[in-house]
Amino acid sequence: MTEAEELREFADREYEFGFVTDVESDSLPPGLDESTIHQISKRKGEPDWLLEYRLKAFRHWLTMEDPSWPKVERNTIDYQEIIYYSAPKPKKTLDSLDEVDPELLETFEKLGISLDEQKRLSGVAVDAVFDSVSVATTFSDKLAELGIIFGSFSEAVKEHPDLIRKYLGSVVPYTDNFFAALNAAVFSDGSFCYIPAGVRCPMELSTYFRINAAGTGQFERTLIIADDQSTVSYLEGCTAPMRDENQLHAAVVELVALEGATIKYSTVQNWYPGDADGVGGIYNFVTKRGLCKGKRSKISWTQVETGSAVTWKYPSCVLLGDESVGEFYSVALTNNMQQADTGTKMIHIGKSTSSTIISKGISAGRGQNTYRGLVDVKKGATDARNFSQCDSMLLGDRCGAHTFPYIEVRNPTAKVEHEATTSKIGEDQIFYCNQRGISTEDAVSMIVNGFCKEVFSELPMEFAVEAQKLLAVSLEGSVG
Amino acid sequence: MVVETWSEQVQTCSLNFDDQGAELKKRRERALEQFEQHGFPGRKHEEWRYTPLSRLAAGPCAPLLESSQEIPFCPDLPGDMLAKVVILNGEFRADLSDLSRLPAAIRIQSLAQLRHSDPDQLASLLDLYWTQDSHPFHDLSDALLDDGVHIEVVEEGAKIDSPIHIMHVFDGQARSGSAHVTGLIQLAAGAQLQLVEEIRSVGQVLGNLRWGVGLDPRSILKRVRAFRPECASIFHGTRVIQQQDSRFEDLFCSSGGDLIRNELHVSHEGTGCHCDLLGAYAGRGKNHLDHHTTIDHKVEDCTSNEIYRGVLSDLARGVFSGMIHVHPDAQRTDAKQSNDTILLSEGAEADTRPRLEIYADDVKCTHGATIGELDEEAIFYLRSRGVSPDEARKILVRAFTSEVFHALEDRQLSDFIADEIQQSINPDGTDRR
């Protein structure tokens with residue numbers, strides 16, 4: 001088989017997780033105006049201040065323009081065609097997993113994330129967001145013993161309004177960008193996590209997001225607060241069923257790390273990428289930002305992006321506290337007609353702050369992969385340190401790999417380094433493996449996994465395995 | 001408000017030209033229209049986000065007055081030059097130039113001459129290098145197209161050994177203002193030429209320079225650009241079109257300047273091309289030094305090498321925005337790009353954007369960028385040998401910047417430029433402790 005044929009075969013692979021769960025849902029009609037926001041707020045039984053916040057965000061959103069600067073081509077989104085609220089019909093309060101809709105549980109099983117299994121085997125507490133409402137939260141009681149609050153955003157609004165009020169929008173204000181404003185106006189649900197001072201969270205916290213009901217956009221909001229000297233590792237993974245029309249996913253994630261706190265946020269993203277001709281697929285426009293507020297705090301982003309038709313996000317760190325640390329590890333893979341414009345922003349404000357950026361981009365098929373990152377050293381950021389490394393790998397001659405770093409330094413004591421390389425898998429490397437009885441496919445997978453090793457080693461163990469599998473599936477046949 | 005005065009001024013001047021060629025006239029009108037519409041772009045514009053054009057928009061827009069016979073300020077560059085071309089306040093000055101030793105293989109004439117004798121050829125040359133896209137400085141150059149220089153090496157395989165000295169002088173002593181110069185260079189197949197381009201200015205001026213360079217197969221052009229101290233606002237744009245196996249070497253040196261924007265666009269149209277883009281710059285005071293380079297690798301087997309190094313003291317700001325664009329068919333491209341900056345003071349700022357855009361898989365592309373201060377250990381090493389702190393810094397700065405001069409064969413000239421760069425580091429502003 002020639003290289004091109006092999007490539008084609010790999011590229012023709014169907015999306016494995018494409019299925020639709022048939023759950024009755026209680027939705028608002030499509031469209032967006034102030035009454036939509038009133039209704040969302042009412043259905044969720046929210047306090048007035050939150051409704052006010054939503055309305056302010058909405059009014060600001062109306063003054064903004066849909067941005068066009070990223071290096072991606074996409075259809076314009078009709079914001080009046082989106083259903084802004086969709087919840088599986090409320091049955092009764094759920095105390096245990098047994099009460100969850102069996103069909104729903106089956107869906108999770110197909111994705112290989114059976115809550116029961118996870119609960120028993122891996123010690124991972126899962127807050128499963130099914131469309132817009134959190135339907136099952138496990139381990140909450142166990143976490144509650146330590147004073148850790150982990151649950152759905154809407155519950156937190158009711159139970160911990162002070163914390164929400166204090167931190168909501170403090171890292172990503174609704175004025176930040178178009179999609180952050182939209183999210184602030186219509187966010188449906190999400191996760192909230194608070195780790196009290198001095199507590200080391202004993203397990204990985206995890207949420208699986210799925211977009212399900214046809215035509216629903218999902219607008220989650222995640223807020224994680226790590227109090228003084230606490231530590232938490234949060235995992236987020238996504239798979240979405242096959243759809244033909246483009247679906248928008250505009251989430252906001254805010255992290256706040258106080259003095260000495262550490263937050264590790266890992267994502268494996270595998271939304272439906274659209275078919276080989278670029279029809280359908282998810283638009284993943286997410287605003288993620290962490291604030292290292294206290295001294296010696298640390299925020300670490302790790303992401304493995306293999307899905308979505310268009311991925312466009314920049315998980316960022318604002319290094320405000322002295323000696324705070326920001327990290328960004330990323331693997332982004334684009335195949336077929338997928339496009340990704342992703343990277344990070346490291347904003348150094350405090351003294352002796354340091355940041356590391358490791359980005360690995362893999363392009364196959366006709367995929368376009370762009371790294372765009374900002375390292376900004378402000379005037380007062382004495383002895384700031386940054387190291388960035390952006391490597392790209394091209395598989396095939398119809399894809400593109402682009403690197404657009406922005407480095408702005410206003411302090412002479414800063415040490416900033418950036419390096420980037422672009423390469424392909426050499427025929428000699430494949431030949432070497434073939435000679436030793438390793439199939440071309442395995443060789444490619446092996447080389448790519450080696451290429452991404454620095455990032456995978458940052459992932460929690462169970463995620464690392466999943467990520468490697470995901471990469472192998474997404475890549476199969478893309479190279480010769 | 002401000003742009004209005006500019007566009008009024010430009011309109012008045014532009015309509016005074018009595019062009020012969022219809023094409024040239026069309027170009028002028030279109031450029032005028034575009035400039036009136038867009039003016040100077042602001043910070044929201046991605047390509048101009050680091051360039052404070054507001055300084056210019058408020059600056060002098062009137063044309064510069066005719067200057068005296070003498071060429072004022074700064075000492076002459078050393079070296080044995082074959083010929084000298086003087087362009088004073090935008091005007092080719094045959095009386096100040098010296099073209100007596102030119103061999104027959106090379107022809108130099110003023111652009112005004114070409115504009116009168118063959119306006120259609122000029123229009124087609126302009127079309128070749130500058131598209132109709134809106135660009136404030138190119139639009140100004142088109143709208144106010146008057147004079148400049150046209151250099152041709154017409155004999156195939158001609159090797160011109162000593163360099164031609166091109167001196168741009170902007171004299172704003174009598175009255176502040178602006179001048180616009182267009183230069184065209186064409187090398188025949190296998191020809192070789194060296195240029196030393198010098199830019200001097202005094203007073204409040206805006207110098208707007210652009211070059212269109214066409215390199216036929218196997219030709220070699222080596223160019224040194226020296227921006228002398230105390231330069232005012234200078235835009236310097238070059239568009240190079242390289243044919244098969246041609247070489248282009250460019251060395252940019254600048255020791256200060258209020259606002260310098262250096263734009264360089266090299267396009268590899270034939271296989272086996274190579275280009276070297278080297279730059280060394282030093283800024284002090286409120287200098288703003290802005291470098292924008294694009295290399296278009298359009299066909300296979302081409303190589304490029306780019307190194308820009310800057311040293312910034314006081315409140316100076318250095319910007320580097322480099323783009324390597326590898327087109328889908330440009331297999332086996334080998335491109336290197338690096339930008340290193342040293343910040344010597346609290347107020348200095350460096351912004352760098354080394355960009356890669358790659359659409360072919362069998363390529364080697366690397367870029368790197370570093371920003372930092374001088375190595376304290378190296379300074380200590382020198383101090384422990386009796387070198388004063390200021391002197392130690394100067395030595396290190398010289399070592400840092402002169403690395404890009406290695407390509408320059410003329411040692412006398414390279415030493416001279418290195419001296420000028422070294423002198424323009426502000427020793428008072430360097431000691432932040």
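Biologist: Why is B:Leu145 called buried?

Modeller: This is a predicted model, and the label comes from a count. B:Leu145 has 24 other C-beta atoms within 10 Å. A residue is buried if 20 or more lie within that distance, so B:Leu145 is buried.

Biologist: Where is B:Leu145 in the chain, and what does B:Leu145 touch?

Modeller: The loop between α6 (136-143) and β4 (147-153) of chain B holds B:Leu145. Not counting residues up to four places away in sequence, B:Leu145 touches B:Arg28 and B:Thr182. From B:Val311 it is 166 residues apart in sequence and 35 Å apart in space, C-alpha to C-alpha.

Biologist: What makes A:Lys44 buried?

Modeller: A:Lys44 has 20 other C-beta atoms within 10 Å. The rule asks for 20 or more, so A:Lys44 is buried. A:Lys44 sits in the loop between α2 (34-43) and α3 (48-62) of chain A. A:Lys44 and A:Ser233 are 28 Å apart, C-alpha to C-alpha, and 189 residues apart in sequence.

Biologist: How do you know whether B:Asp314 is buried, partly exposed or exposed?

Modeller: B:Asp314 has 19 C-beta neighbours inside 10 Å. Buried needs 20 or more and exposed needs 12 or fewer, so B:Asp314 counts as partly exposed. B:Asp314 is in the loop between β13 (303-312) and β14 (317-326) of chain B.

Biologist: What is the phi of B:Asp314?

Modeller: The phi of B:Asp314 is near 50 degrees, a positive value in a residue other than glycine. Most residues other than glycine have a negative phi. B:Asn89 also has a positive phi, of about 45 degrees, although it is not a glycine. B:Asn89 lies in the loop between β1 (83-88) and β2 (91-92) of chain B.

Biologist: How do you know whether B:Asn89 is buried or exposed?

Modeller: B:Asn89 has 24 C-beta neighbours inside 10 Å. With the cut-off for buried at 20 or more, B:Asn89 therefore counts as buried.

Biologist: Why are α2(B) and α5(B) called oblique to each other?

Modeller: The axes of α2 (residues 22-38) and α5 (residues 119-129) of chain B cross at roughly 45 degrees. Roughly parallel means under 35 degrees, and roughly perpendicular means 65 to 115. The angle falls between those ranges, so the helices are oblique. Their axes come within 7 Å.

Biologist: Which residues make the contact of α2(B) with α5(B)?

Modeller: B:Glu23, B:Leu24 and B:Arg27 come from α2(B), while B:Pro119, B:Asp120, B:Leu122, B:Ala123 and B:Leu126 come from α5(B). By class, five are nonpolar, three are charged and no residue is polar.

Biologist: What makes β23 of chain A and β16(B) a pair of strands?

Modeller: Six bridges join β23 (residues 400-409) of chain A to β16(B). Pairing takes at least two bridges, so these strands pair, and they run antiparallel. A:Val409 has B:Ala350 as its bridge partner in β16(B).

Biologist: How many residues does each chain bring to the contact between them?

Modeller: Chain B brings 32 residues and chain A brings 27 residues. On the side of chain B that touches chain A, β16 (349-358) and β17 (364-372) each supply at least two residues. β16(B) gives the most, with 10 residues. That side of chain B has 14 nonpolar, seven polar and 11 charged residues.

Key
Residues numbered from 1 in each chain as written. Chains lettered and ligands numbered in written order. Predicted model: local features only at pLDDT ≥ 70, side-chain atom pairs only at ≥ 80, totals over all residues. Contact = placed C-beta atoms within 7 Å. Helix = DSSP H or I, 4+ residues; strand = E, 2+ residues; numbered from the N terminus. Nonpolar A, V, L, I, M, F, W, Y, C, P; charged D, E, K, R; others polar. Axes fitted to C-alpha atoms, helices over the stretch in contact; angles between N-to-C directions. Parallel < 35°, antiparallel > 145°, perpendicular 65-115°, else oblique.
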